[in-house]
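Open the model in a viewer and keep a selection panel at hand. The stops below say what to select and what to look for there.

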Amino acid sequence: MIAAVCLRLGWWQWEHALRGDGRSLGYALQWPLFAAFGVFFWTRVVHERLSRSACTSAPNTAPRKTPVGHSWSFHRGDTVAGPVLRPVLIGHAQDDEDDPDVAAYMHRLRWLNADPRRRLSDYPGFDAL
């Protein structure tokens with residue numbers, strides 16, 4: 001319906017362009033593009049809705065996991081609004097003792113958290129960082 005209106009407006013602008021209105025020529029070319037975009041967008045929405053309803057009607061055997069890093073993956077959970085990716089911990093993170101840089105960073109965080117008035121620039125040895 002909207003595409004037909006856009007095409008009709010394009011034809012109307014084309015008729016004005018043939019009478020010598022130069023500005024109407026640009027509009028006459030734009031209206032069919034608007035119609036094509038509307039049809040393209042409508043088909044995408046219909047295709048997405050149909051594929052979403054097919055996914056929800058199919059039995060969910062196991063959650064799909066896509067590895068992202070060493071210790072996290074994303075789990076696809078289906079909700080009423082559609083599929084949602086949720087982060088899931090698949091391993092344990094490094095302990096502070098495993099990496100000296102992580103231990104120093106965690107120490108700075110604990111030092112900052114101990115007093116809200118502290119700033120990172122007040123940390124002992126901050127100039128050496």
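Select W31 and F34: both sit in helix α2 (residues 22-57), 3 residues apart, which is about one turn of the helix. The model is a predicted one.

How are the rings of W31 and F34 arranged? Their centres are 5.4 Å apart and their planes stand at 85°, so the pair is edge-to-face; the angle is over 60 degrees, the limit for that class. The pair is one of 3 aromatic pairs counted in the structure.

Now colour by relative accessibility. W31 is partly exposed at 23%, and F34 is partly exposed too, at 45%. Both values fall between the cut-offs of 20% and 50%.

Stay on helix α2 and select F37 and F41. These two form a stacked aromatic pair, with 6.1 Å from centre to centre and 20° between the planes. An angle under 30 degrees is what puts a pair in the stacked class. F37 and F41 are 4 residues apart in helix α2, so about one helical turn separates them. Is F37 buried or exposed? F37 counts as exposed, because its relative accessibility is 54% and the cut-off is over 50%.

Next, go to helix α1 (residues 2-18) and select Q13, which lies in it. Q13 has a relative accessible area of 11% and is therefore buried. W31 is the residue from the edge-to-face pair with F34, so the first stop comes back into view here.

For the last stop, turn to charged side chains. How many salt bridges does the structure hold? There is 1. Select D115 and R117, whose side chains meet in that salt bridge at 3.3 Å, N to O. Their accessibilities fall in opposite classes. D115 counts as buried at 18% relative accessibility, because the cut-off is under 20%. R117, with a relative accessible area of 70%, is exposed.

How values were computed:
Residues numbered from 1 in each chain as written. Predicted model: local features only at pLDDT ≥ 70, side-chain atom pairs only at ≥ 80, totals over all residues. Heavy atoms only, no water. Helix = DSSP H or I, 4+ residues; strand = E, 2+ residues; numbered from the N terminus. Buried < 20%, exposed > 50% of the residue type's maximum accessible area, 1.4 Å probe, protein only. Phe/Tyr/Trp six-rings, centres within 6.5 Å; stacked < 30°, edge-to-face > 60°. Salt bridge = Lys/Arg side-chain N within 4 Å of Asp/Glu carboxyl O.
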